[in-house]
Amino acid sequence: MDEEEYNFNEMQAQWAAVRGKIRQKVGDALFKSWFKPISLVSFESGILILSVPNQFIKTRINGEYLDLLKDHWLNQNNNIERFEIVIVKNNMKDSDFHSEPINFSNERLGKDDPKNKSYDITDNIGANLDQRFTFSNFIVGKPNELAFAAARRVAESQDVPFNPLFLYGGVGLGKTHLMHAIAHEIKRMNPVRRVIYLSAEKFMYHFIKALRFKNTVAFKEQFRTVDVLMIDDVQFISGKESTQEEFFHTFNALVDQNKQLIISADKSPQDLEGIEERMRSRLGWGLVADIHPLTYELRLSILQAKSEKIASNIPENVLEFLAHKITTNVRELEGALNRIAAFSSLVGKEVNIEMTHDLLRDLLKSSQRKVNIEQIQKKVSEHFNVKMSDMSSARRSRTVVRPRQIAMYLSKNLTSRSLPEIGRRFGNRDHTTVIHAVKKVEELRNLDVSFDEDVELLIRMLES
Ligand code: ADP
Ligand code: MG
């Protein structure tokens, strides 16, 4: 054999044997946790590549089971010279991934044939784009104005205004929306420009697949002819060295040819962990634009725009209520709005706050970051400059009673603890004391604007 002709069916049979042996050895429970999630990716040039769905499993295997795995594999196949474990997430949103799982049938593709359609990621680029993610559907406010302006500039320029454009921000804040909007706009203004939009996971998936079929030349070839390359959620390739390496080369080659790159991530280039230093610094060369957490004003504008779009007749005070309560991200705002609109059209009832409350009980809870009573006590005592121990002490002076009541009120509203439990945590007080505190604070919030603002501020601090 001048090159390792491998037969994938045979590898699969070997893998089945390895798994059977390991199962006998470690027992069903351990097998299920650590070995069942492993998939065979490829065996080429003496390198066996296995994939696992996450870092957690990878670490555990490397730490405890690598020898076991190796021994059993080598018993089956002594041509293996090296083992590699890669992470391939299997909960990818990309529908393509699901319809095209790594399968181990005998399909062989023409080696290094650039025309090979199986790798043409660019073919279905249009299908990847969400039609609703346009610039005109994007609501702009302080937190996202820089990102929006930068995205527009890139979409409208004939040349490359900054390279790369690096967008970052928390989940559900509109990064993917902006990238799709750029793609739509470029296609509209200049249909001959070639745009590729890919999630980093998908980039990795195609890369691994190309490796498996010894088709990396074709893989690279597709990027060479592109004008704009967008890679979404680049944090996913952290820790994946070979994918990073490939990405780095692709990136450099395109920048050298003055092609536009647009990258998104959940963190700034400097803060990306598990990404090589040279890559991080390279990513920060162009314009780095972050999307900040949404302000109340922007949340409300987004709700108003979306509500208008779906022609719901949700009253303004309900929208305000939602904008107050759901602070995490736009995706949750949309979810809440859709649920209320659907419900009201089904039952044909006028929407009000009470009904919204009932409908969104679960959402409202999960949207609040989990805080515990202790954190609340700590924050409140800091804020009012009282001792933490006074939260549970018997002192009854006004300076400590009010903060204590506020902390009880917040514990009731921000945690799922019961009244008696809350009472216990505040120096073994009775649950009626907690009820009294809650009522008192509600009353004061209604009466006194600056008191209300104080409480609101505390809620925000605890939730963010
Ligand atoms: P990310 O990629 O940052 O996690 P997405 O771009 O997927 O977030 O946005 C999540 C949802 O919120 C999408 O439906 C998107 O259309 C919507 N969205 C986010 N930001 C805005 C905005 N400023 N205006 C309108 N819709 C938005
Ligand atoms: Mg996204």
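**Loops, a ligand and helix pairs**

Trainee: Where is asparagine 258 found?
Mentor: Asparagine 258 is in the loop between α10 (241–256) and β7 (260–265). Helices here are DSSP runs of H or I with at least four residues, strands are E runs of at least two, and both are numbered from the N terminus.

Trainee: What kind of model is this, and how are things numbered?
Mentor: It's a predicted model, where local features need pLDDT of at least 70 and side-chain atom pairs count only at pLDDT 80 or more, while totals for chains, interfaces and linings use all residues. Residues count from 1 along each chain as its sequence is written, chains are lettered from A and ligands numbered from 1 in the order written, and side-chain values use heavy atoms, leaving out hydrogens and water.

Trainee: OK, back to asparagine 258. Is its phi positive or negative?
Mentor: Positive, at about 60°, although asparagine 258 is not a glycine. Asparagine 385 also isn't a glycine, and its phi is positive, near 60°. Asparagine 385 sits in the loop between α17 and α18.

Trainee: And the peptide bond from asparagine 163 to proline 164, cis or trans?
Mentor: That bond is cis, with omega near -5°. Proline 164 belongs to the loop between α6 and β4 (165–169).

Trainee: Switching to ligand 1: which residues come nearest?
Mentor: Ile139, Gly172, Lys175, Thr176 and His177 do, out of 18 residues around ligand 1. A residue counts as near if one of its heavy atoms lies within 4 Å.

Trainee: What does lysine 175 do with a polar side-chain atom there?
Mentor: That atom lies 2.8 Å from an oxygen atom of ligand 1. Arginine 331 likewise has a polar side-chain atom 2.8 Å from a ligand 1 oxygen. For glutamate 334, a side-chain N or O atom is 2.9 Å from an oxygen atom of ligand 1. (A polar contact is a pair of N or O atoms within 3.5 Å; within protein, one must be able to donate a hydrogen and the other to accept it, and residues adjacent in sequence count only if both atoms are side-chain atoms.)

Trainee: What does threonine 134 touch?
Mentor: Leaving aside residues up to four places away in sequence, threonine 134 touches His177, Ala181 and His184; contact means heavy atoms within 4.5 Å. Threonine 134 is in the loop between α5 (125–128) and α6 (145–156). A polar atom of its side chain lies 3.2 Å from the backbone nitrogen of asparagine 137.

Trainee: Now helices. At what angle do α18 and α21 cross?
Mentor: The axes of α18 (residues 398–414) and α21 (residues 449–463) cross at roughly 50° and come within 11 Å. That makes the pair oblique. (Axes are lines fitted to C-alpha atoms, for helices over the stretch in contact, with angles from 0 to 180 degrees between N-to-C directions; under 35 degrees is roughly parallel, over 145 roughly antiparallel, 65 to 115 roughly perpendicular, and the rest oblique.)

Trainee: Which residues in α18 meet α21?
Mentor: Arg402, Ile406, Tyr409, Leu410 and Leu414 of α18 meet Phe451, Val455, Leu458, Ile459, Leu462 and Glu463 of α21.

Trainee: And how far apart are the axes of α17 and α21?
Mentor: They are 11 Å apart, with α17 (residues 373–384) packing on α21 at about 135°. So α17 and α21 are oblique to each other. On the α17 side, the residues include Gln375, Lys379 and Phe384, and the α21 side includes Asp454, Leu458 and Met461.

Trainee: One more pair: at what angle do α12 and α13 pack?
Mentor: About 135°, with the axes of α12 (residues 296–309) and α13 (residues 316–325) 9 Å apart. Therefore α12 and α13 are oblique to each other too. Among the contact residues are Tyr296, Arg299 and Leu303 of α12, and Glu316, Leu319 and His324 of α13.
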